[in-house]
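Subject: Structure handover and notes

Dear colleague,

I am passing on the structure shown here, followed by notes on what was found in it. Please read the two side by side.

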Amino acid sequence: MITAIVTFALPQPITQEEAQKIFLSTAPRYQNLPGLLRKYYVLSEDGRTAGGVYLWQNREAAQAVYDDAWRAFVREKYGSAPQLTYLHTPVVVDNLTHEIVSGV
């Protein structure tokens with residue numbers, strides 16, 4: 001599994017309520033995306049940085065999504081280019097399902 005951390009600076013700070021409304025408007029595009037296991041939308045405490053933490057089955061699935069069109073969408077929607085970091089994710093502890101997941 002691969003975790004991708006995406007962050008981008010916002011042109012002006014937003015509140016959690018504003019972030020929730022914006023994020024809900026884009027969430028459907030990530031449902032049923034091949035290879036995407038989970039996505040968390042994130043907002044910094046000062047409201048100046050937002051992004052997402054994605055859990056992917058593999059890097060290939062992630063890279064298929066993070067193309068030029070996706071980068072343009074993020075720039076247009078949020079006002080800045082996304083920064084992307086990949087991390088290997090050998091084990092996940094899921095306390096909601098009471099599972100330990102390895103090598104999906």
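Leaving aside residues up to four places away in sequence, Trp 56 touches Met 1, Ile 2, Ala 4, Leu 33, Pro 34, Gly 35, Leu 36, Leu 37, Ala 61, Ala 62, Val 65 and Tyr 66, where contact means heavy atoms within 4.5 Å. This is a predicted model, in which local features need pLDDT of at least 70 and side-chain atom pairs count only at pLDDT 80 or more, while totals for chains, interfaces and linings use all residues. Residues are numbered from 1 along each chain as its sequence is written, and side-chain values use heavy atoms, with hydrogens and water left out.

Trp 56 also belongs to the largest nonpolar core, where, of 20 residues, Phe 8, Tyr 54, Trp 56, Tyr 66 and Trp 70 touch the most other members. Such a core is a set of buried Ala, Val, Leu, Ile, Met, Phe, Trp, Tyr and Cys residues joined through side-chain atoms within 4.5 Å; buried means under 20% relative accessible area, exposed over 50% and partly exposed in between, with a 1.4 Å probe and protein chains only. Two or more residues each come from strand E1 (2-9), helix H1 (16-26), E3, H2 and H3, and the largest share, four residues, is that of E1. Helices (H or I, at least four residues) and strands (E, at least two) are DSSP runs, numbered from the N terminus.

Aromatic rings form ten pairs; rings of Phe, Tyr and Trp (its six-membered ring) pair if their centres lie within 6.5 Å, and planes under 30 degrees apart count as stacked, over 60 as edge-to-face and the rest as tilted. Tyr 54 and Tyr 66 make an edge-to-face pair, 5.5 Å centre to centre with 80° between the planes. Because Tyr 54 lies in strand E3 (residues 49-56) and Tyr 66 in the loop between helix H2 (59-65) and helix H3 (68-78), the pair ties together parts that are twelve residues apart in sequence. Both Tyr 54 and Tyr 66 are buried.

In H1, the buried residues are Ala 19, Phe 23 and Thr 26. Seen down the axis of H1, they fall within an arc of 55°, so they line one face of the helix; the arc is that of the directions from the helix axis to the C-beta atoms. Glu 17, Lys 21 and Leu 24, on the other side of H1, are exposed, whereas the buried residues of H1 have a cover that includes strand E2 (36-43), E3 and H3.

Finally, Asn 32 has a positive phi of about 60° although it is not a glycine, and Asn 32 sits in the loop between H1 and E2.

Best wishes
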